[in-house]
Amino acid sequence: MKQKFIYAIAILFLAVVAIVFLQDEEPTSQQEAKQDTSVNSQSLKKSEEVKIHIIDIGQGDAILVQSKEDAYLIDGGNKGKGDDVLDYLHEQNVDHLTAVISTHPDADHIGGLAEVIRGIEVQSVYAPKVSHTTEAFKQFLLAVKEKSLKIKSVTSGGSISTNTSNLTLDFLGPTKDYSKSDLNDWSAVLQVTHGDKKFLLTGDAETPAERDMLTAGLLGPVDVLKVSHHGAAEATNKAFLDVVKPHLAAISVGEGNRYKHPTKDTLNRLKDANAKIYRTDQHGSIIFVSNGKNIIVKVER
Ligand SMILES: [Zn+2]
């Protein structure tokens with residue numbers, strides 16, 4: 001009788017150990033498969049994530065599109081911000097860039113790119129076919145030359161190849177040549193598609209560029225809009241928002257900037273369009289994490 005009791009205790013003990021052990025184990029492939037089809041955003045599988053970082057570099061733009069296989073940098077902030085961008089890339093464990101995209105030659109976008117190109121391995125460089133006489137633009141060209149790279153022209157209909165499954169990068173703009181007196185409409189407009197999720201990165205494209213993309217039938221609903229020209233009134237028109245219909249909007253803008261960006265008009269238009277607004281001057285760097293089905297937003301503050 002006593003022996004039976006000891007056996008029972010032993011079996012019970014083994015059962016408890018087995019349960020604890022099984023719970024500690026890695027999830028089985030069946031469990032993983034179940035998690036992948038779940039709508040729960042907590043189930044993002046690291047290797048399939050694409051992160052879009054709106055890097056807080058004050059007034060200007062610097063955006064990182066990052067997957068396990070690829071990293072793309074769109075603009076590098078003002079002159080002197082290149083080192084901050086490089087620091088950010090290192091923090092994110094980015095040691096090479098699949099491509100650098102300069103949206104247009106204005107200093108608050110191209111200013112930091114020379115430092116970035118000199119400071120990290122870059123595979124290719126894209127820019128619209130428009131030049132500028134500023135020192136920032138000259139330094140950008142010089143850095144590209146030093147690295148024995150050639151600038152690939154951005155035009156509407158072009159795309160960038162990726163090594164990431166379910167990730168495509170398509171240029172929607174510029175749809176044509178604009179006046180060289182205002183470079184904003186020349187902006188490379190990039191649509192990033194990851195699975196079912198779409199991100200529209202508009203540089204500083206203003207009303208004429210928005211109208212031309214609409215007329216050409218290039219625009220459609222997106223999940224995330226990187227708001228054009230730091231929230232200036234001359235962009236992000238109602239006609240544009242009626243088609244693009246973003247749920248989430250990010251404004252890259254410096255605190256207390258002298259341009260008074262973003263304007264009330266633009267903020268109101270975004271609110272009327274039911275877009276949730278994130279701003280680098282209030283939230284710091286903003287990261288949109290996509291698994292192709294869901295997006296979660298992480299902010300620095
Ligand atoms: Zn700008």
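Within helix α6 (residues 135-146), the buried residues are Ala-136, Phe-137, Gln-139, Phe-140, Ala-143 and Val-144. A residue is called buried if 20 or more other C-beta atoms lie within 10 Å of its own, exposed if 12 or fewer, and partly exposed in between, with C-beta atoms placed from the backbone. Viewed down the axis of α6, the buried residues fall within an arc of 160°, so they line one face of the helix; the arc is that of the directions from the helix axis to the C-beta atoms. The face turned away from this buried side carries the exposed residues Glu-135, Lys-145 and Glu-146.

This is a predicted model, in which local features need pLDDT of at least 70 and side-chain atom pairs count only at pLDDT 80 or more, while totals for chains, interfaces and linings use all residues. Residues are numbered from 1 along each chain as its sequence is written.

The 12 residues of α6 should span 16 Å at 1.5 Å a residue, and the end C-alpha atoms are 16 Å apart, which agrees. The expected span of a helix is 1.5 Å times one less than its number of residues. Just after α6, Ser-148 takes a positive phi of about 55°. The buried residues of α6 pack against α4 (107-110), α5 (113-119), β7 (125-128) and β8 (151-154). Contact here requires C-beta atoms, placed from the backbone, within 7 Å.

The protein has 10 helices and 17 strands. Helices (H or I, at least four residues) and strands (E, at least two) are DSSP runs, numbered from the N terminus. Of the 301 residues, 45% count as buried. Among contacts between residues at least 6 apart in sequence, 67% join residues at least 24 apart.

The largest nonpolar core has 71 residues, and those with the most contacts inside it are Ile-63, Tyr-72, Val-100 and Leu-190. Helix α6 gives the largest share of this core, 5 residues. Such a core is a set of buried Ala, Val, Leu, Ile, Met, Phe, Trp, Tyr and Cys residues joined through C-beta atoms within 7 Å. Not counting residues up to four places away in sequence, Val-100 touches Leu-73, Leu-113, Val-116, Ile-117, Val-122 and Val-125.

An open sheet of 7 strands runs in the order β9-β10-β11-β12-β13-β14-β15, with mixed pairing. At its edges stand β9 (159-160) and β15 (276-279), each with a single partner strand, so one side of each is left without a neighbour in the sheet. Two strands pair if DSSP finds at least two bridges between them. The table lists pairings within this sheet.

| Strands | Sense | Bridges |
|---|---|---|
| β10 (residues 167-173) and β11 | antiparallel | 6 bridges |
| β11 (residues 189-194) and β12 | antiparallel | 5 bridges |
| β12 and β13 (residues 224-226) | parallel | 3 bridges |
| β13 and β14 (residues 248-251) | parallel | 3 bridges |

Phe-171 is paired with Leu-190 in β11, and Leu-190 in turn is paired with Leu-201 in β12. Of the 6 residues of β11, 5 are buried, and the strand is mostly covered. Thr-193 stands opposite Lys-198 in β12. A hairpin is formed by β11 and β12 with 2 residues between them, and Gly-195 in the turn has a positive phi of about 60°.

In strand β12 (residues 197-201), 5 of the 5 residues are buried, so the strand is largely enclosed by the rest of the structure. In a regular strand the side chains alternate between the two faces of the sheet. Both faces of β12 are covered, with Lys-197, Phe-199 and Leu-201 buried on one side and Lys-198 and Leu-200 buried on the other.

On the β13 side, Leu-200 has Leu-225 as its bridge partner, and Val-224 stands opposite Leu-248 in β14. Strand β12, helix α7 (residues 207-215) and β13 make a right-handed β-α-β unit. Right-handed applies if, with the strands pointing away from the viewer, the path from the first strand over the helix to the second runs clockwise. Gly-220 lies in the loop between α7 and β13. Gly-220 is exposed, with 12 other C-beta atoms within 10 Å. From Leu-200, Gly-220 is 20 residues away in sequence and 9.8 Å away in space, C-alpha to C-alpha.

Conventions: Contact = placed C-beta atoms within 7 Å.
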